[in-house]
Amino acid sequence: MSADERRESPFAASMLEHADAPPRNTSGNPTMGEIISRRFSRREILQGALAVSAISTTIGVKALAAAEATKAETSQSAFHFTEVEAGVDAHHHVAEGYDADVLLRWGDALFPDSPSFDPARQTPEAQARQFGYNNDFVGYLPMPGATDPSSHGVLFVNHEYTNPHLMFPGIVEIKDGKLSMHAATPERFRIEAMAHGATIAEIRKIDGKWALIKDSPLNRRVTAATEIHLSGPVSGTDRVKTNADPSGRKVLGTLNNCSGAMTPWGTFVSGEENIHGYFSGALPEGHRETANYQRLSIPLAPYAWGRFEDRFDLSKEPNEANRFGWVVEVDPFDPQSVPKKRTALGRFKHEGADNVVAKDGRVAVYLGDDERFDYVYKFVTAGRFDPTNRAANMDLLDTGTLHVAKFSADGTVLWLPLVFGQEPLTETNGFSNQADVLIETRRAADLVGATKMDRPEDITPHAATGRVYIMLTNNTKRQPDEVDAANPRAENAFGHIIEIIEDGGDHAATRGRWEILLKCGDPSVAAVGATFSTETSKNGWFGMPDNAVIDSAGRLWVATDGNDAKATGRADGLWAVDTDGPSRATSKLFFRVPHGAEMCGPCFTPDDTTAFVAVQHPADDGPDWPEFGRYSYYEDLSTRWPDFQPDMPARPSVVAITRKGGGKIGT
Ligand code: FEO
Ligand code: CA
Ligand code: CA
């Protein structure tokens with residue numbers, strides 16, 4: 001379903017994740033499409049597309065089968081498993097020879113005293129003690145001192161947003177064949193607020209299967225009401241002071257946590273993404289934050305929490321929105337620790353914060369701003385990671401330099417520093433200090449001439465090679481006049497993946513080279529311009545890359561958001577993508593989600609024997625899938641995955657994938 005169609009859903013209030021806000025980047029910076037089109041000739045692009053379409057149209061089925069068999073024999077893919085068949089149905093599917101076990105589902109008890117899940121009579125108090133809704137990022141850190149680090153650890157899971165029409169009974173009405181959803185009540189608001197945030201859970205393999213340790217002192221819920229501190233250059237400054245917090249240092253809650261990462265010192269970082277949807281009301285006339293909020297589409301009010309808490313009403317608390325849109329760091333091994341919003345990493349619609357130790361010990365954090373025409377960032381710490389002293393690393397993310405990427409037609413990428421006092425980030429342009437630059441990161445990036453991208457999602461560094469993989473999920477708003485004949489995708493409906501090779505293989509470098517690893521979409525349709533290798537099967541291609549991870553063998557795995565029966569004839573899933581050798585740009589389908597869901601996570605244990613994936617918003621949408629053909633909601637769901645019980649709604653869940661009989665995944 002396209003973003004525009006999503007907006008037409010009667011439940012559009014719950015469609016926040018899909019970044020449907022109108023594009024706000026009105027700067028004159030060039031788009032990625034323009035750059036790509038300058039770099040590649042029309043001829044090169046047609047060769048890629050036609051090579052595949054010629055196979056499917058001019059030779060017979062038998063010949064095709066023979067060609068497929070030869071491909072399989074000669075393949076030098078780093079991945080070895082039998083592909084799942086692409087398609088859409090009510091169930092999940094994993095490659096043959098693997099188990100996919102549901103580990104944690106929405107409503108699961110996390111503590112010995114958690115009430116059992118009763119979806120028809122949910123309460124805020126119960127939800128605060130249970131696994132939250134819409135699991136997105138999944139991270140895993142081994143328990144310190146564990147005998148087997150890949151069998152005992154702590155899981156961190158983001159709960160990005162809520163879909164009330166799938167969560168609550170009796171709130172959807174049908175009148176004259178039209179669906180509508182009741183406005184939230186204060187009680188429903190409180191449940192939804194408790195369903196947001198994150199879960200920290202100790203897990204362990206018992207008799208070969210992962211299980212939650214319910215009485216672990218590490219289990220914890222972070223919600224929209226948890227106390228969190230602002231740290232770094234913005235902490236304590238005027239633009240983040242509110243009536244409830246005149247110190248400008250203490251925020252309640254984290255919202256719309258999308259992707260994230262582990263850090264080398266054993267914490268989790270998590271990106272606050274579509275924060276605009278929680279605010280309502282209007283700023284006082286001529287307020288200094290007007291342009292700042294417009295650039296982030298604040299307020300776009302599907303949730304409109306200002307109806308329930310003054311702080312979300314801009315007319316009453318004009319600075320509260322400056323306290324969201326940050327990367328949050330949580331120490332999972334100290335349940336009393338206060339999570340910190342690391343303001344040095346900038347404020348925008350953060351996707352993830354994947355990071356790596358650079359050659360000299362500084363840490364590079366790659367950051368995507370998930371909006372059409374927004375930017376790719378990299379933060380480099382000032383201090384160095386000390387592997388022998390955990391405490392010394394705990395505030396590394398407070399000091400360093402935030403950069404934004406400028407991609408050039410000659411194949412170079414420059415990381416431009418966003419530093420107050422360096423032109424043009426000066427008083428002349430309304431910046432008085434680094435806090436201003438960070439609060440208005442997008443405007444600072446506009447001014448230095450960053451490259452407008454097609455919705456940057458996860459950005460994944462490869463520690464060993466100095467390469468970086470950028471998921472650009474799609475941008476259907478790119479106008480035909482923003483591309484030329486050399487880039488046939490006027491509307492980038494399927495996204496692409498860019499590979500950066502940092503200079504000298506050094507992740508702290510301020511320049512590198514770039515190329516396109518993959519343009520996504522159906523490679524058998526020449527007009528799509530997809531560039532999967534010809535080795536890729538009809539099941540193996542995908543659209544809309546979103547989350548990504550590199551396993552310990554250095555292989556890239558990509559999770560997608562937005563594939564469905566209508567868009568690509570396939571559900572979202574986890575795809576294995578070759579990045580090296582003759583099989584580069586070959587993709588294979590390893591796991592697929594049930595109808596309506598998006599694939600999030602993924603995360604591998606250090607030994608690659610388990611892959612944790614998150615199935616987000618199962619049973620959402622509906623008209624896209626002909627077998628269902630109508631909007632899905634609590635009483636009339638397209639799937640009741642994973643329980644398939646008549647009194648149980650569909651439940652977003654984290655799934656643990658392991659190989660039958662043990663062993664590394666995909667080998
Ligand atoms: Fe939450 Fe960028 O998707
Ligand atoms: Ca995402
Ligand atoms: Ca996503």
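How much space lies in the largest cavity? About 120 Å³.

This is a predicted model, in which local features need pLDDT of at least 70 and side-chain atom pairs pLDDT 80 or more, while totals for chains, interfaces and linings use all residues. Residues are numbered from 1 along each chain as its sequence is written, chains are lettered from A and ligands numbered from 1 in the order written, and side-chain values use heavy atoms, without hydrogens and water.

1. The largest cavity has a lining of 17 residues, with N563, D564, D572, G596 and A597 nearest its centre. (A cavity is a set of points on a 1 Å grid over the protein atoms alone where a 1.4 Å probe fits but cannot get out; lining residues have an atom within 4 Å of a point.) The count is 3 cavities of 30 Å³ or more.

2. Now for the calcium ion (ligand 2): E351, E457 and D546 coordinate it through OE and OD atoms at 2.1 to 2.9 Å. (Donors are N, O and S atoms within 2.8 Å of the metal, or 3.2 Å for Na, K and Ca; water is not among the atoms, so sites may look incomplete.) In sequence, the donor residues are spaced E-x105-E-x88-D. The calcium ion (ligand 3) is 2.9 Å away from ligand 2, and D546 coordinates both. The pair links distant parts of the chain, as E351 and D546 are 195 residues apart.

3. Are these two residues buried or exposed? E351 counts as buried because its relative accessibility is 0%, and D546 is likewise buried at 1%. (Buried means under 20% relative accessible area, exposed over 50%, partly exposed in between, with a 1.4 Å probe and protein chains only.)

4. Please look at strand 29 (residues 598-604): 7 of its 7 residues are buried, so the strand is largely enclosed by the rest of the structure. (Strands are DSSP runs of E, at least two residues, and helices runs of H or I, at least four, numbered from the N terminus.) Strand 29 pairs with strand 30 (residues 610-616) in the antiparallel sense over 5 bridges, and C603 stands opposite F612. (Pairing needs at least two DSSP bridges.) The two strands form a hairpin with 5 residues between them, where D608 in the turn has a positive phi of about 65 degrees.

5. Finally, some backbone points to check. The I298 to P299 peptide bond is cis, with omega near -5 degrees, and E423 and P424 are also joined by a cis bond, with omega about 0 degrees. S297 has a positive phi near 60 degrees.

Note on methods:
On a 1 Å grid over the protein atoms alone, a cavity is a set of points where a 1.4 Å probe fits but cannot get out, and a pocket is an open set with protein on both sides within 12 Å along at least five of seven lines; lining residues have an atom within 4 Å of a point. Grid points are joined across faces, edges and corners, and a volume is the space filled by probe spheres set on the points.
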